[in-house]
Amino acid sequence: MKNKLSRNCLLPLIAVSAIAGGCKQKDPPPPGISAEQQAADAAGFKEFTDRLKDYVKLHNSQEAIIPAVKPTDLPEMINAHQQALARKIREARPNAKQGDIFTPAAQKSFEDVVQSTMKGPRGENAVATMKQGAPLTETSVIVNQGYPDGIPYTTVPPTLLQVFPKLPDEVVYRVVVHDLVLLDLKANLVVDLIPGIIPQS
């Protein structure tokens with residue numbers, strides 16, 4: 001009788017727990033971003049990711065053509081490999097231009113999350129992080145060309161990296177003054193960029 005009573009007492013608790021779990025609501029969208037905008041941003045980021053996958057396949061196919069280097073090789077050999085890889089990639093995408101990877105839809109998605117993040121409570125910290133590595137007030141880089149020697153870039157703040165799509169090992173995000181640059185690390189090549197997306201401090 002005691003066991004039966006215990007089970008009967010537990011049933012309402014189980015039912016309440018099940019109802020509570022089934023009625024759990026999704027987290028609300030970030031302030032200033034509607035559900036519709038979130039869906040559009042997700043679609044834009046997917047477009048970016050799909051284009052980036054194609055670029056990485058091209059990168060890997062061209063890298064397989066040239067002799068491999070080891071970390072222990074002489075600096076001039078590593079530099080020669082980098083230049084050879086950049087040349088092969090440029091030849092493989094001779095008509096590369098701004099917007100090939102950062103498509104209009106993807107650019108809008110990046111703009112949305114940058115504006116939302118920079119206006120948030122951690123925006124000031126993000127600006128401070130970028131100021132540390134941005135001594136230049138004006139410069140420019142060119143898509144499908146090497147990143148110029150002597151031109152510093154800014155570390156992308158963690159607050160932005162958290163809302164940007166994750167990248168494969170071949171490429172990284174860089175901030176050059178107010179531009180967001182997609183850089184091929186091994187080739188030191190500018191893959192694409194979004195000009196003026198990083199707001200003025």
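Hi everyone. Let me start with the aromatics: F45, F48, F102, F110, F164 and Y173 form one aromatic cluster. Bear in mind that this is a predicted model.

In total, there are eight aromatic pairs. Take F110 and F164, an edge-to-face pair with 5.0 Å from centre to centre and 65 degrees between the planes. F110 sits in helix α4, while F164 is in the loop between α6 (158–161) and β1, so this pair ties together parts 54 residues apart in sequence. Both F110 and F164 are buried.

F110 has another partner here. Its ring centre is 6.1 Å from that of Y173, and the planes are at 65 degrees, so this pair is edge-to-face as well. With F110 in helix α4 and Y173 in strand β1, the pair ties together parts 63 residues apart in sequence. Y173 is buried, as is F110.

Now, which residues touch the most other members of the largest nonpolar core? Out of its 30 residues, they are F48, F110, F164, Y173, L180 and L182. Two or more residues each come from α2, α3, α4 (104–119), β1 (171–176), β2 and β3, and α4 gives the largest share, five residues.

F48 is worth a look on your screens. Beyond its neighbours within four places in sequence, F48 contacts I101, F102, A106, F110, P165, L167, Y173 and L182. There is also a second, separate core of eleven residues, including I151, V172, V177 and L183.

Last stop, helix α3. Its buried residues are H81, A84, L85, A86 and I89, and what covers them includes α2 (35–63), β2 (179–184) and β3 (189–194). Thanks, everyone!

Definitions and conventions:
Residues numbered from 1 in each chain as written. Predicted model: local features only at pLDDT ≥ 70, side-chain atom pairs only at ≥ 80, totals over all residues. Heavy atoms only, no water. Buried < 20%, exposed > 50% of the residue type's maximum accessible area, 1.4 Å probe, protein only. Helix = DSSP H or I, 4+ residues; strand = E, 2+ residues; numbered from the N terminus. Contact = heavy atoms within 4.5 Å. Core = buried A, V, L, I, M, F, W, Y, C linked by side-chain atoms within 4.5 Å. Phe/Tyr/Trp six-rings, centres within 6.5 Å; stacked < 30°, edge-to-face > 60°.
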